[in-house]
Structures are given as structure tokens and as C-alpha cells.
Amino acid sequence: MSPSELFEREFSAGNLKAIFEERISQSATVGKDGVSPSEFGKVLDIEVTRIATRAQASKYDFTTFKQKLVLKGAGKPPREISIATVRDRLALRALTNVLMEVFKDQKPSAPHYYIEEIADFIKPLSYEYSFIQLDIKDFYPSIIHDVLLSRLRRRIRSRAILSLVHNAIRTPTGNRVGDGVNIRGVPQGLSVSNILSSIYMEKFDQIAHSKLTYFRYVDDIVIVCKSADAKRNFKYIYAALKKIGLSSHDLVEGSKTKIVPVLKGIEYLGYSLKPGAISVRKSSYRRMMDNIISVITLVKYSVNHNKILARINIKITGCIFNGKRMGWMFFFSLTDDIKQLKRLDNFVSQEWVKLGLERYGRPRKFVKTYYEIRFNMNDTKYIPKFDDYTTEQKVRLIADIDLFGDYDTVRLWSQERINKRFLQIVKKEVAELEKDVTPHRY
């Protein structure tokens, strides 16, 4: 299917309605116009027709994105996240679907892919080898529009697609002064941001792969090479980034950019990596402990202990939803440091007992979840597979979350009401699971 045909398919009124129902309708996110998904849904037919008509005529304009600032730590400027209106989120998701299909080879890989590749490669290596870690400064804000659009034109001739991309990346975020448009950079936080950044880096990645053992996830680059060649290879990549308008932090003491002996190991994408050893990095480990504490401490403010246990269990096991594996343990299932998981289990158990909650049941275990994921995923009943839930299982989850375990009351609801409330609960919990494992990048 050609890019133009893909565009027509994705921007048909029927497909836009499907995207809204599947991806946006249950969200609470509101853009700069203040319109919620529920309000937007009341005029959905009118809105999807408007989106389709204007996009296909190359006349779709985006509303200024709402600004959200995310703190990165003491002494560091916050990261700017752009939040689109519901209408624009719908158009951007359809555009993302088109680009993901046209640039299938540039679809960003999951972090697990990089961890497995690096771990396998370094397993037999010795002191003769080193890691080079480069952190690209201000990656998204530094992307040059003309270069990005030239990359797109190699495969896309459709004026409608190129116009939509151009208008999206020029739309300002917040109350920006000046001429009112971006002249450089891709707004972070939009559904289209990741695929656009991958397309931008396509040629760079190809050249780097041809010369080096090279890995890149968004703005984090790792190279494995002979220690004697490390400084020369760093200078090569540093200069190559400059040619496309990007720069890494300098190679100085205390910098994010560093050269590290392979045997010392590095932290990458939430993991600590050494030859023959993969573990969860300390900051990711502490974050999970904090997440568990935040749920358990709700006991002080809630008398619904069934809800607390249900939420703790989902935090620990994760879940399957919309065919995707979600949660902390799925993200960190490559670890071989079982002692870390046992310490987490002991921590949860101690906190549970300390609050006198044993009579409400016992939380599930990280170690058990790990073995289920690694060796029994197809047949497991330990990890909830929400896609396959029966009506009775839905009733139990709703009752535990909403009604103190009053299953008989929920059984009296209509099937439609049960299904709707079940999806609302699951989507909220899944959103929390995604936050648990994506603090490091947007």
C-alpha cells in the first residue's frame, strides 16, 4: 500500500472514530482548549469529518500544545512535554500509524532488544574492551526541520502527509513569544515524536552500525570497542552528531558521556550491565519500592483493603492488556539477580504485616512472577490476562476496587455496565504501570 493509500485509510472518518474509542476515549488528558475526551466524544461524528477533510486538503492546523514541565533532578532544567488537544491527538495518532507503516524499519525497538544484544555481545569480553556512553544534549529540541523533511521525502511524495508533519513540528508549546512557530525541534510527548526522531537518525544509525558495535535508544548511545580505540571512536561519533545538528555532553569528569571498562559495567535503560551479569539499576529498584510504599500507605486513608491488595498485586505481577505485556517485572524480566527480587518480596511482606493487613490476604511475589514470565507465560494464571477475563473475573475486580468486595451487587449490573467499568479500571492501572517503567524517557 502506498503512503497516499495509507493516509486515506488512516484518515477516513470510520478509522478516526475507531482510534478515538481504542486510544483516547477513556483518557483524562486535556489540551490547551480545555476539551475533555468525554466532551469531544459527544460531537465525534462532526469532529472526525473535520479532521479527515482538512488533513486530506493539506489544511489541518494544530492548536498550540499545552506545556507540562517534568523535573529531571536538582540543578537541571526541566524537560518540556507537549500535550495536544483531543482533536490533535487523534490526528497525530493517525499520522503516526501512517509513518510507522511507511518506515517499518525505523520503528523504535523495545528496550529489551538493546539489553539482550549488549549482554550477549559483552559476555565473553575482558579488560581489553570498554563501553563508550554518549548522551545527546537536547535531542528532540535540536532536530533540524529541513533535514527531517528531506528524510521523509525519500519515501513520501504525498503533500497531505508532509504538510501535516510540517505543521505539527512547527506548532509551539505553551505561551512562547516570537513568531509563534517552532523553527527547530520536535515537540516531546506526542505520539508521533519517537518515529520522527528515528527517521531523523536513520542515515546516522546506518553509518554508525557499519563502522562500530553501536546501540542507540532515543538519545542514549552505547558503543563497545577495544579500549585502545575508545577515544578515537568517541571523537568520530561526536563529530558525526555535529554534522546533523546534534551534540553530546563532553567527555569530562562527572559527565553523562564517559568511557568505562567493560568489566566495571554501565547502567543503561534501567539495567546495570557487566559481562555475565544483568541486574536492575539502583534508581529503578528504589523507584519500585517507592511505588509500592505509595500504594500501601493509602491504607491510612482508605478502608477498602480489597482495593489496596488488588492494586499491589497488579503492581507486582503486571498484566496482559490489548495483547501487550505491561509492568515492572515484564520490563526487568532480563535480570539474573534474583536476590534483588527476594529483597523486594521481603520488603512488601514486612510492610504488609506491619500494617496488620494479613487477614485481607497476602500480596503476590516478585520472584514467583519472574519465574512465571520466564518459564510459564503461556499457561500462567498468576499474572492477570485482562484480555481473557470472564464476566465473573471482571465482577470481582470491580467489586474489589469499587465496592469493598461486594460481588453480589456488581453481579446485578448489566453486561454493558460491567464491561465499561472494567475497562476504565484496567486502563487506569495500566497507565500507572507504564509510569513505573518509563521515568527515564518520554
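I took two strands as paired if DSSP finds at least two bridges between them. Helices (H or I, at least four residues) and strands (E, at least two) are DSSP runs, numbered from the N terminus.

**Entry 1. Conventions.** I note that this is a predicted model, in which local features need pLDDT of at least 70, side-chain atom pairs count only at pLDDT 80 or more, and totals for chains, interfaces and linings use all residues. Residues are numbered from 1 along each chain as its sequence is written, and side-chain values use heavy atoms, with hydrogens and water left out.

**Entry 2. The sheet of three strands.** I looked up the pairing of β7 with strand β8 (residues 271–274) and found it antiparallel, over 3 bridges. Tyrosine 268 has tyrosine 271 in β8 as its bridge partner. The whole sheet is open, has 3 strands in the order β7-β8-β9, and is antiparallel in its pairing. β7 (266–268) and β9 (277–280) are the edge strands; each has a single partner strand, so one side of each is left without a neighbour in the sheet. From one strand to the next the twist averages 30 degrees; for such angles, axes are lines fitted to C-alpha atoms, for helices over the stretch in contact, and angles run from 0 to 180 degrees between N-to-C directions.

**Entry 3. The sheet of four strands.** I recorded a second open sheet, in which 4 strands follow the order β4-β5-β3-β6 with antiparallel pairing. Its edges are β4 (213–217) and β6 (258–261), each with a single partner strand, so one side of each lacks a neighbour in the sheet. Here the twist averages 20 degrees from one strand to the next.

I then followed strand β5 (residues 220–226). Antiparallel to strand β3 (residues 129–135), β5 is joined to β3 by 7 bridges. In this pairing serine 130 has cysteine 225 of β5 as its bridge partner. Helix α6 (residues 111–122) packs on the sheet, where it touches β3, β4 and β5, and its direction makes about 155 degrees with that of β4. Helix α11 (residues 202–211) also packs on the sheet, touching β4 and β5, with its direction at about 150 degrees to that of β4. Contact here means heavy atoms within 4.5 Å.

Glutamine 133 stands opposite valine 222 in β5. On the β4 side, 5 bridges join β4 to β5 in the antiparallel sense, and threonine 213 stands opposite valine 224 in β5. The hairpin of β4 and β5 has 2 residues between the strands, and in it valine 218 takes a positive phi near 55 degrees.

Which residues of α18 are buried? They are Lys394, Val395, Leu397, Ile398, Ala399, Asp400 and Ile401. The buried residues of α18 pack against α14, α19 (407–411) and α20 (415–437). Just after α18, phenylalanine 404 takes a positive phi of about 55 degrees.

In helix α14 (residues 305–317) I looked up leucine 309, which is buried at a relative accessible area of 12%. Leaving out residues up to four places away in sequence, leucine 309 touches Trp352, Tyr360, Gly361, Arg362 and Pro363. Leucine 309 and arginine 364 are 55 residues apart in sequence and 9.1 Å apart in space, C-alpha to C-alpha.

**Entry 4. Aromatic rings.** Rings of Phe, Tyr and Trp (its six-membered ring) pair if their centres lie within 6.5 Å; planes under 30 degrees apart count as stacked, over 60 as edge-to-face and the rest as tilted. The count by this rule is 19 aromatic pairs. One of them, phenylalanine 139 with tyrosine 140, is tilted, at 5.3 Å centre to centre and 55 degrees between the planes. Phenylalanine 139 and tyrosine 140 are both buried.

Why does the pair of tyrosine 371 and phenylalanine 375 count as stacked? The ring centres are 5.9 Å apart and the planes stand at 20 degrees, so the pair is stacked. The two residues are 4 residues apart in helix α17 (residues 366–375), and are therefore separated by about one helical turn. Tyrosine 371 is partly exposed, with a relative accessible area of 40%, whereas phenylalanine 375, at 63%, counts as exposed. I also noted one aromatic cluster formed by Tyr271, Trp328, Phe331, Phe332 and Phe366.

**Entry 5. Charges over rings.** I counted a charge as over a ring if NZ of Lys or CZ of Arg is within 6 Å of the ring centre and within 35 degrees of the ring normal. Arginine 396 lies over the face of tyrosine 407, at 4.3 Å from the ring centre. Arginine 417 has its charged end over the ring of tryptophan 413, 3.8 Å from the centre.

Terms used:
Buried means under 20% relative accessible area, exposed over 50%, partly exposed in between (1.4 Å probe, protein chains only).
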